[in-house]
Amino acid sequence: YDEIKSVTQLLTRALDNAIEYSLPRYPMPMSADIARIKRKMGIGVCGLADMLIALKLPYDSQEAREKARDALSFINYVSKCTSVELANERGSCQAMNFPLLNKYVSGHFLEDKYLSHPTHTVSVHEWEELARTIRTTRKLRNISTTALAPTGRSSLLLDASSSIEPLFSIFASDGSLHTSVSALLNQELQGDEQMVQHVQQEAASAGSFQNIQALPIPTRNCLKTAKEIAPMDHLRMVADLAGIYGVIDESASKTVNLPNEATVEDVKGIFFSSWQLGLKNISVYRDKTMANQPIPM
């Protein structure tokens, strides 16, 4: 968490610099005015699936969702503390000049959004103190700081799983095992290279680790791919991060992968469940809908 804190502080400053650089370069004056008033940024993550595999937590478990909430809540809190620091150094965003229209000042935005379901990493007291500081000083550089974008390119550059998604395939795009998967196999099989190779070949042939008898069931549960996770468990993860009691400011990118035999009623149920969980959007993909879809190995 010390490293996450350092990186979040650095990234908050870097993104605020990017906003400043962009202001005179917007094609439309109105867009520049909105950016200047709110100075919104969207710090996100990639590598959630890798983290859960390293911690031996199945993606579809309550423990995994709690760990994800802890990490994202901490990032959100640190980014806002850094935004307050930036406001002291560079000035607040213009939205802080309109207290009657600003819920940070005239309302209880942070308390209403984050106090009812606190995490292990940010206490109720810490959110209250931050909210009180912003309300009394009107110091806040960025009206929102966190969102969960797809991070497709970032994850490729960093050799990490994308955003908050589970692994789409047991292998990376170059055909090798994902780094986190390889590490778990070596740990579970006690570094036996022949056994690791055998398990890898067996999984490659089946396209899954779920029936590999050499691995204990808890390990197999940690290695489920997107299509092996139930739709409601996809929704529960994103709902815990970005739903009614979520831990980020803005929305989240999330896909629910469905088998080819999924019905219209299945899709309808997912969208209604998504709405009931307080999600603003959700993407659904039924396997083999597109002729040229990526083929998981």
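**Close-up 1. Helix 4 passes helix 6 in a left-handed crossing.** In this predicted model, the contact uses Ser73, Asn76, Tyr77, Lys80, Cys81 and Val84 from helix 4, and Glu126, Trp127, Leu130, Thr133 and Ile134 from helix 6. Sort those residues by class and you get six nonpolar, three polar and two charged. Helix 4 covers residues 62-90 and helix 6 covers residues 124-137. Their axes come within 11 Å and cross at roughly 25 degrees. Angles under 35 degrees count as roughly parallel, so helix 4 and helix 6 are roughly parallel to each other.

**Close-up 2. Thr151 reaches over to the backbone of Ser163.** Thr151 sits in the loop between helix 6 and helix 7 (152-158). Its side chain gets to the backbone nitrogen of Ser163 at 2.7 Å. Setting aside neighbours within four places in sequence, Thr151 is in contact with Val45, Cys46, Ser162 and Ser163. Is Thr151 buried or exposed? Its relative accessibility is 15%, so Thr151 counts as buried.

**Close-up 3. Ser163 has a positive phi.** Here's the other end of the Thr151 contact, this time with an eye on the backbone. Ser163 belongs to the loop between helix 7 and helix 8 (179-188). Its phi is near 45 degrees, a positive value in a residue other than glycine. For context, most residues other than glycine have a negative phi. Ser163 has a relative accessible area of 1%, so it is buried.

**Close-up 4. Gln190 also shows a positive phi without being a glycine.** The angle is about 55 degrees. Look for Gln190 in the loop between helix 8 and helix 9 (193-206). What does its accessibility say? At 75% relative accessibility, Gln190 counts as exposed, whereas Ser163 is buried.

**Close-up 5. Lys224 pairs up with Asp60 through a side-chain polar contact.** The two side chains meet at 2.9 Å. Lys224 is in the loop between helix 10 (217-222) and helix 11 (231-242). Which residues does Lys224 touch, not counting those up to four places away in sequence? They are Asp60, Gln210 and Ile229. With 22% relative accessibility, Lys224 counts as partly exposed; the cut-off for buried is under 20%.

Conventions: Residues are numbered from 1 along each chain as its sequence is written. This is a predicted model: local features need pLDDT of at least 70, side-chain atom pairs count only at pLDDT 80 or more; totals for chains, interfaces and linings use all residues. Side-chain values use heavy atoms; hydrogens and water are left out. Axes are lines fitted to C-alpha atoms, for helices over the stretch in contact, and angles run from 0 to 180 degrees between N-to-C directions. Helices (H or I, at least four residues) and strands (E, at least two) are DSSP runs, numbered from the N terminus. Angles under 35 degrees count as roughly parallel, over 145 as roughly antiparallel, 65 to 115 as roughly perpendicular and the rest as oblique. A crossing is left-handed if the near helix is turned anticlockwise from the far one by less than a right angle, and right-handed if clockwise. Contact means heavy atoms within 4.5 Å. Ala, Val, Leu, Ile, Met, Phe, Trp, Tyr, Cys and Pro count as nonpolar, Asp, Glu, Lys and Arg as charged, and the others, Gly among them, as polar. Buried means under 20% relative accessible area, exposed over 50%, partly exposed in between (1.4 Å probe, protein chains only). A polar contact is a pair of N or O atoms within 3.5 Å; within protein, one must be able to donate a hydrogen and the other to accept it, and residues adjacent in sequence count only if both atoms are side-chain atoms.
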